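Me: I would like to learn how to read a structure feature by feature. Could you take me through one, starting with the ligand and moving on to the sheets?

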Amino acid sequence: MVKIKEIQTGNIFSKTSFKGYSYVINPYTGCTSGCSFCHACFMQTFTNHQNENWGDFIDVKRWDGIVRTRRTVAGRNILMSTVTDPYNPIEEEYKNTRYILEQLQKIGCNLTVCTRSD
Ligand code: SF4
């Protein structure tokens, strides 16, 4: 059974060195798919999930909105997501990805979405 936890974060954007992108956004940390080849399992170390298996947990991020970062990200290339699948099955309930897309639409930026979901 997947352990789901809500966590508060100050800023949903992270600067990145991914070529061609200024920022990444991860609506969740962890991924219920738990693919054995996943590069993102290193996140366990940074998020207090060292004793859990990759795929057995997911943190749902909560934040105060992205209005104050509007000037910073407007017109930038943004990548979603690098350490989760933004369309994990729990997106149906928590709608974090949808919420971000609605906010980004008002700001205007170039967004790439990575997902294994159909
Ligand atoms: S779907 Fe993507 S993020 Fe999720 S476990 Fe598989 S490779 Fe990792």
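Me: Which residues are around the ligand?

Reply: A residue counts as near a molecule if one of its heavy atoms lies within 4 Å of it. Here the residues around the ligand are Cys-31, Ser-33, Gly-34, Cys-35, Phe-37, Cys-38, Trp-54, Thr-84, Asp-85 and Arg-116. This is a predicted model, in which local features need pLDDT of at least 70 and side-chain atom pairs count only at pLDDT 80 or more, while totals for chains, interfaces and linings use all residues. Residues are numbered from 1 along each chain as its sequence is written, and side-chain values use heavy atoms, with hydrogens and water left out.

Me: How do the residues of that shell divide into nonpolar, polar and charged?

Reply: Ala, Val, Leu, Ile, Met, Phe, Trp, Tyr, Cys and Pro count as nonpolar, Asp, Glu, Lys and Arg as charged, and the others, Gly among them, as polar. By that scheme the shell around the ligand holds five nonpolar, three polar and two charged residues.

Me: In what order do the four strands of the open sheet lie?

Reply: Strands are DSSP runs of E with at least two residues, and helices are runs of H or I with at least four, both numbered from the N terminus; two strands pair if DSSP finds at least two bridges between them. In this sheet the order is S2-S3-S6-S7, with mixed pairing. Strand S2 (13–15) and strand S7 (110–113) are the edge strands, each pairing on one side only.

Me: How many bridges join strand S6 to S7, and how many join S3 to S6?

Reply: Strand S6 (residues 77–80) runs parallel to S7 and is joined to it by four bridges, with Ile-78 standing opposite Leu-111 in S7. Three bridges join S3 to S6, again in parallel, and the bridge partner of Tyr-23 in S6 is Ile-78.

Me: Which helix lies across S2, S3, S6 and S7?

Reply: Angles run from 0 to 180 degrees between N-to-C directions, along axes that are lines fitted to C-alpha atoms, for helices over the stretch in contact, where contact means heavy atoms within 4.5 Å. Helix H4 (residues 96–107) lies across these strands, running at about 170° to S6.

Me: Which strands form the other open sheet, with three strands?

Reply: Its order is S1-S5-S4, and the pairing is mixed. S1 and strand S5 (residues 57–62) pair in the parallel sense over six bridges.
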